[in-house]
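Dear colleague,

Please read the notes alongside the coordinates.

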Amino acid sequence: MIFSWLRRRRRQKLLATPFPAAWSTYLEKNVEHYALLTPDEQARLRDNLRVFIAEKNWEGCGGLELTDEMKVTIAGQACLMALGLEGEPFRGVMSILVYPTSYAVPQERQYEGWSIAGESQRSGEAWYRGPVILSWADVRRDSRHPGYGRNLVWHEFAHQIDMLDRSTNGTPPLASGELRRRWHEVMTQEYQQLITDAEAGRATLLDTYGAESEAEFFAVATECFFDCPVELRGDHPRLYDLLRDYYAQDPAARLATN
Ligand SMILES: [Zn+2]
């Protein structure tokens, strides 16, 4: 109780100060949707972003010196995807770790009964009740070159949304039985289609990495929903409508009027 009161007071004080002018420039440059939001949505995004930046523990790794532009870009994209969601879906994410580029993590693999130590190269990770880890080179590339259906921030934060019900299975908490039924039907069919297309070597709008598991499918579909919404609406209308209803945003309408 006392903590929520203290948090509320801290937030009020923070939001009473002017929004840094440079931060608006970073949003305009690195978050394509920002300029297309209504003034009311922009104001909400700016407030959510300041709280997000202030309340997370930010850490530069591998010698990276974190800048305001990095924080505003990451927080701006995360807060944009959550703009229509209830509550504070990223409240459980305590830390954001940022590497300059992709990074190596130790990985053990099995070969004929032997455990072989090795490394795998990663550009991002999301841990249950733990940090989100991102490569700045990848975040910057996706931010500066939108429209390719890939976005590391949306991918990793989609995993965080998925994990809100404590299971990483591609289904976040859903508001109604009707939505759960629809989710199961549409997601299963689209996921199976992506597996079939990937196996047949057919070109797909959705990244075939989404064929790895239901959890990766939700993350990949979310990337495409925000980064290539017009194309997703054209090629996968049922998937688009489902994600539009879930995220309570219509990015295709937003980008199509641009
Ligand atoms: Zn993933």
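The axes of helix H8 (residues 214-227) and helix H10 (residues 237-247) come within 11 Å of each other and cross at roughly 85°, where axes are lines fitted to C-alpha atoms over the stretch in contact, with angles from 0 to 180 degrees between N-to-C directions, and helices are DSSP runs (H or I, at least four residues) numbered from the N terminus. H8 is therefore roughly perpendicular to H10, a term that covers 65 to 115 degrees.

This is a predicted model, in which local features need pLDDT of at least 70 and side-chain atom pairs count only at pLDDT 80 or more, while totals for chains, interfaces and linings use all residues. Residues are numbered from 1 along each chain as its sequence is written, and side-chain values use heavy atoms, with hydrogens and water left out.

From H8, Phe217, Phe218, Ala221, Thr222, Phe225 and Phe226 meet Leu239, Tyr240, Leu243, Arg244 and Tyr247 of H10, contact meaning heavy atoms within 4.5 Å.

The domain assignment, which is automatic or from a database, gives domain 1 (10-145) and domain 2 (169-258), whose C-alpha centres lie 22 Å apart. Between them, 10 residues of domain 1 are in contact with 10 residues of domain 2, and the two domains bury about 960 Å², 59% of it on carbon and sulfur atoms, buried area being the accessible area (1.4 Å probe) that two parts lose on being put together, summed over both. On the domain 1 side, His33, Leu36 and Met81 lose the most area to domain 2, together 52% of what that side buries.

With regards

Methods: Helix = DSSP H or I, 4+ residues; strand = E, 2+ residues; numbered from the N terminus. Parallel < 35°, antiparallel > 145°, perpendicular 65-115°, else oblique.
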